[in-house]
Every structure is written in structure tokens, then in C-alpha cells.
Amino acid sequence: MTDLSLYRNIGIFAHVDAGKTTTTERILKLTGKIHKIGEVHDGAATTDFMEQEQERGITIQSAATSCEWDGHRLNIIDTPGHVDFTIEVYRSLKVLDGGIGVFCGSGGVEPQSETNWRYANDSEVARVIYINKLDRLGADFYRVVKQVEDVLGARPLVMNLPIGTEENFVGVVDLLTRKAWIWDDSGDPLKYTIQEPPAELVDLVEEWREKLIETAVEQDDDAMEKYLDGVEPDLATIKNCIRKGTINLAFFPTYGGSSFKNKGVQLVLNGVVDYLPNPTEVKPQPEVDLEGKETGTFAIVDPAKPLRALAFKIMDDRFGALTFLRIYSGRLEKGTTVLNTFTGKTERIGRIVEMHANSREERDSAQAGDIVAVIGMKNVQTGHTLCDPDKPATLEPMVFPDPVISIAISPKDKGSNEKMGIALGKMIQEDPSFRVETDQESGEVIIKGMGELHLDIKVDILKRTHGVEVNVGKPQVAYRETITQRIEDSYTHKKQSGGSGQYAKIDYIIEPGEPGSGFVFESSVTGGNVPREYWPAVEKGFKASVDKGVLAGFPCLDFKVNLTDGSFHAVDSSSIAFEIAARAAYRQTLPKAGPQLLEPIMKVDVFTPDNHVGDVIGDLNRRRGMIKSQDPGVTGVRIKADVPLSDMFGYIGDLRTMTSGRGQFSMEFSHYTPCPRNVAEEVIKEVKERNKDK
């Protein structure tokens, strides 16, 4: 029986280029899992094993690996930082018990850090903070600590202080022990000495140590009382207080270092073991019924309980489909049968493997608290629950964002159609934020995703991994439609062609809803003019129509239908007649209700050197951007703006030209807003022309 208190399931997450993958490499080296460190910029990092990752120097899919430190087993997931792949971060955080939030010592809290931090807050994941790259020009440990407080609204608990700045950074002072860890210049993480802190830091160390202990003892009344009486608690008590506060999300132990220069990573690992929760200390996962309502029972982390496991990632590689599972309770044995509560079908567990990036070790069984992969599962998708067939239950499923951008693709040679279909099927299983549909009128295949880079990578994977060359259309924005006026209307559906006919009459009000409310249906019919059994048919008819708006065929959002009256025929009325009436009523009334086109607005965060700020702001204004804020930093200015997605295509090239290659930006979907009339007319005209060509 494995001791679960020695398990730590952790994720490493951060902004692009904060050094997540480099930190993972150092952890693997220190724990003896790898012997040669691979660098991201050489395309040799262990967890960046996709060709696209190695070429671009970014992480695209989260990679899982396991290692040992100080007698504890660490299951680590290295997640991507780029905003187009936040889905990977989201689903990794969902199954982890703790995390390491990495921030760049010079870049500080960047926009993507905010998104990831928000996801981690939503998932209630305990975290330690690691401020990396303290050897970089412009790095400032104390500034980043302040940003964590101001920008993220979090409470950092500083655990060590840096010795030296920028290229003179040599090590850190551990505040609890008042000892300095100083590394030599050999680059070997194991070549360090523990000594007294430099004289010039002694006062600063005492000041920050006092803050640390004051914050920690708040977690324990006895320790607090003693401390107020002038008695400092012993080290074990302070550590217990820090652990308690970290697990309760009261504060976040904060470390500094430089992963690339191999300085400071050991203390972060000690922090993970000392302060992050083991699987039994995390709030258990709620179980839900088939309708998605909570049942009040929980998946308790205990190998003796019935099996509950969540599939959080599907990956296709040369050995077949791998399904990554987080086991919440019970045991998973090779050769046993499990039930997938989503499909209602059972699956046999073939091979269980423990992943180390893209290599693997076979296992006969796994238990609560483990993260493993199973080979060869047929119908399991991300978010499905696997459980004991005799004691079924579903874990809370994951919710994925809707795509905001789409492109049409077609294979370059006609013979690759089937091959492309199979490849796209595998890719949908791997990535729930990637959607594929076929345009009914033109037969074109439309792929949808979270951004230009996201779709760019997908086209690249089609070509390299699956050998399908495709022609790519120009990106299309996912517009939406809504209405602006309240209309009372009536529709009668009558059909008589010998034999029994069809009859349904409905009176209804269609009115705009609150932003974000979606489609709402209610009935205020009294007196049985429309019998209750036909109400769902009316709702179904309207609901089936919302996917196609009346202006340009985009889905229609945020409106409410109230069925007020109507009439039926004892013989000729049926559910289908009322459903047809509702569909026709939608087409009849929506054009009268002031239909309006909505466009997706992106939250854009641009970093630019000081001397290009004017150009960048002028350019964002030309793109119909609303400038929200400008924050001057050490090395440049961060500009936050809301900009329509349709005006952001190809922005990276323009930004690089304007800033001589030094500008960076990230963007994520924010909200929908009404299109200006001239833009709306242009879009509607374009859609009509496209449909005419088909």
C-alpha cells in the first residue's frame, strides 16, 4: 500500500517565456530522472517533444512526468503558457492538488499569468510562487512580489531573498534558517555552499523573516498567542502554520532563483514537499448525476473506496491512443472492466503506463492519488468519468470555452479526404477546444479554434504527424447575432392533404435578454389553449433555430421567448406540428425584432519599448481598439486594450515591424459587443457573396 501523504500532484504554469519548461528540466535533473539537461532554445527539452514545440521554443501540450524528491513522489505536469492553449492549463489544474506559478523576474506578472492564476483560483489549487530569471537584466524580485499583491490580489509569503542582482545573482537566503545558499559559476545545481548571509543583507533578512512569521502564526491561535508574548515558535510549528495557510489559500510561499543558471530550484522543491497538499488534504471531488446536478456525495481519496477516475487528456502517439487519468478513489487494475458514465459503456483496461514525457514505464495497477495513462481505450474523451460498474458515479465534468476563429481547409489531393477525416477525429479527441464541422451547403470542412496560432499548429500537425497537406482559406471570425426589440406575434401552422392533418397555433413574445443569458424559454399559457405536453415541442422548435440567425446565418444569442397563448386541434395537433410552428415563427418574427450583428472583442496586452509607445497606440486605435491602461515598467510599457478580433489578424507581423522586433503581445477572448453598422453591412455582404459562390 503506498503512503498517500508522500504524493504531490503538481503543475507548473506561467506566462510564455517565464521559464516553466526550463524549471521542469532542472527538477528532473535534481531528482535524478534525467542526466543531461536539455535546453528549450536548442529544442532539446524533455517535456517539449513535439516537433512544433522544438521549432517554436514554446510548449503546446501539457506533458506529464514523475520523479522523487526527499522520499516524496512528485507527479509533474508542465503546461503551455501561450493563451491559445490555455485549455491545457485549465484541464491540468482541474486534476492537480498543487501548482508552481512561475513568474519572470524582469517581465513580472504578465497577462497570461493573470488568466492562469484565475483558473487556479477557480479550481482552488494551492500554489507556491517561483520568481525565475533573477539573473536577467532588469530583474527585480521585490517588484514582482509587489505585482503579485497588486495585480493578482494574492498574498505572497516571501520564503527567501536574492543575493546579488542581475548578472551578479549568486544565490538566496533562506529566511526560516537564516542561511545563505550560494552556487558557484560551474552551472552545476549540486555545487553550492550553505553559509551565513552577507553582512549587508542581515537587517533585510530580519525584517522579512519577521513578516513571514507574523503571517504564518495567524493560522494557529496558540502559536499566535506565544508569539505576541515574545516567544518565537520552533521551526516545526512555523512550517506547520505555513502548510496550513498554503492549503487554505491564505497565502502563497514565494521563492526566487534562476532555473537556467541552476540556482534556487532545490528550495522550490523543498517548498513543494513541505507546503503543498498531498491528495488526501485536498477538498474531495463532488459527484454529479446524469443531469449534472451535485448528488452531495464525494470521491474520497482512498484506495479502498469504489473506483472514480477522470480522463483529463487524450494523446495519440506511435503506440496508439493514450488516455491520461487522475484516479480520485479506488484502484485501477490491469485487465479489469470499468464503466464510462458518459457513454454508459464498459471498457477493459489493457495496459497501464506511467508517463515520463513521451517515454513510459509499464504498471500492473494504480491507485487513488495517481496520475497514469491507459493505452487503447476506444470511446473515452476528455472530461469522461471511469468508475466501478457496480457502483457508478460521475465526477464534475470540465467546461470548455467556445472557439472564436475558424478557417476552411481542404486536402490538396482528392484522395486524402478519408485520411484527413480520421486525422481530424483524433485531433478533436485530443483537444476539446478544437472543433470541426462541415458546411452543409458547400461541403467545406471548417476548423475552429482559440486563435491564429492554435489553428496554425493544427494545420502543421495535420501535415507532419498525419501526412495530410491542406489548402487553407482565410480566417473567419465567429460573429454572433441578437435582437434589440420586443415583438408580440402569432403563427399558425396548418396542413391538410387528405387523412389526418397538422395544426398548431402559437401566440408569443420575443424580447432581448441580458448579455450572456443565452436562449431562455418560458410559457405563461393558462386555461389549456396549448396543452402542457406541447410546450417542450415549442421550446425545441425555437432552440433548434437559434444556430442560424436571420442576418448572416450566425448563431443568435441572448433572447427570450414567452409562449402566451395559442390553440390546438383535438385530432390534427401533435408535438411535431407545434415544433414546425415554432421554427416558422422564429423565421417570421426575428427579422422584425431589430436583429443586430455582434463581434468578438479580444483582451489584448501589448508590451513595447518606451520609444514605440505612440506608434503602437496609434495602430491599436486604427484597429478600433479601446485603450484600457498603460503601465510603464523597467524595460518598456504594457498597454492593455479591447480590440475586435476581425482587426487583429496578422498583428504580430505589424507589431514586430513597428517595434524593431522587440514588441510582444497576447490576447484572449473577452466578450461580444454590437458591430458598428458599416462593419456589419460589410460582413453580411461578404457572407451573401460567399453563399452565392457556393
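Helix H13 spans residues 575–589. In this predicted model, H13 has 15 residues and reaches 21 Å from its first C-alpha to its last. That span is close to the 21 Å expected at 1.5 Å a residue. H13 lies across strands E31, E32 and E34. The helix runs at about 40° to E32.

Several residues of H13 are buried. They are Ala 577, Phe 578, Glu 579, Ala 581, Ala 582, Ala 584, Ala 585, Tyr 586 and Thr 589. An α-helix has 3.6 residues a turn, so residues three or four places apart point the same way. The buried residues of H13 pack against E31, E32, H12 and E34.

The sheet under discussion is open and has 4 strands. Their order is E31-E32-E34-E33, and the pairing is mixed. Strand E31 (487–495) and strand E33 (519–523) stand at the edges. Each has a single partner strand, so one side of each is left without a neighbour in the sheet. Neighbouring strands of this sheet are turned by 25° against each other on average, with direction ignored. E31 pairs with strand E32 (residues 502–512) in the antiparallel sense, over 9 bridges. Within this pairing, Thr 492 has Lys 505 in E32 as its bridge partner. Helix H12 (residues 535–545) also packs on the sheet. H12 touches E32, E33 and strand E34 (559–567). The direction of H12 makes about 155° with that of E33.

The structure holds 13 aromatic pairs. One of them is formed by Phe 559 and Tyr 586. This pair is tilted, with 6.3 Å centre to centre and 40° between the planes. The pair links distant parts of the chain. Phe 559 belongs to strand E34 and Tyr 586 to helix H13, 27 residues apart. Both Phe 559 and Tyr 586 are buried. Elsewhere, Phe 103, Trp 117 and Phe 252 form one aromatic cluster.

A further open sheet consists of 4 strands in the order E7-E8-E9-E10. Its pairing is antiparallel. The edges are taken by strand E7 (160–163) and strand E10 (192–195). Each of these has a single partner strand, so one side of each is left without a neighbour in the sheet. On average, neighbouring strands here are turned by 25° against each other, direction ignored. Strand E9 (residues 179–183) and E10 run antiparallel and are joined by 4 bridges. Trp 183 has Tyr 192 in E10 as its bridge partner. Helix H9 packs on this sheet and touches E7, strand E8 (171–174), E9 and E10. The direction of H9 makes about 130° with that of E9.

The largest nonpolar core has 70 residues. Ile 100, Leu 212 and Ile 242 touch the most other members of this core. Helix H9 (residues 265–275) gives the most to the core, with 7 residues. The surroundings of Ile 242 can be listed. Not counting residues up to four places away in sequence, Ile 242 touches Leu 157, Met 159, Leu 176, Leu 212, Ala 216, Phe 251, Pro 253 and Tyr 275. Another core, of 47 residues, lies apart from the largest one. Its members include Val 606, Ile 617, Met 648 and Val 687.

Of its 7 residues, 6 are buried, so E25 is largely enclosed by the rest of the structure. E25 pairs with strand E27 (residues 445–449) in the antiparallel sense over 5 bridges. In that pairing, Ser 406 stands opposite Lys 448 in E27. E25 also runs antiparallel to strand E28 (residues 470–472), and 3 bridges join the two. Pro 411 has Val 470 in E28 as its bridge partner. A further antiparallel pairing, over 2 bridges, connects E25 with strand E29 (residues 476–477). There, Ile 405 has Val 477 in E29 as its bridge partner.

Conventions: Residues numbered from 1 in each chain as written. Predicted model: local features only at pLDDT ≥ 70, side-chain atom pairs only at ≥ 80, totals over all residues. Heavy atoms only, no water. Core = buried A, V, L, I, M, F, W, Y, C linked by side-chain atoms within 4.5 Å. Buried < 20%, exposed > 50% of the residue type's maximum accessible area, 1.4 Å probe, protein only. Contact = heavy atoms within 4.5 Å. Pairing = 2+ DSSP bridges. Axes fitted to C-alpha atoms, helices over the stretch in contact; angles between N-to-C directions. Expected span 1.5 Å × (residues − 1). Phe/Tyr/Trp six-rings, centres within 6.5 Å; stacked < 30°, edge-to-face > 60°.
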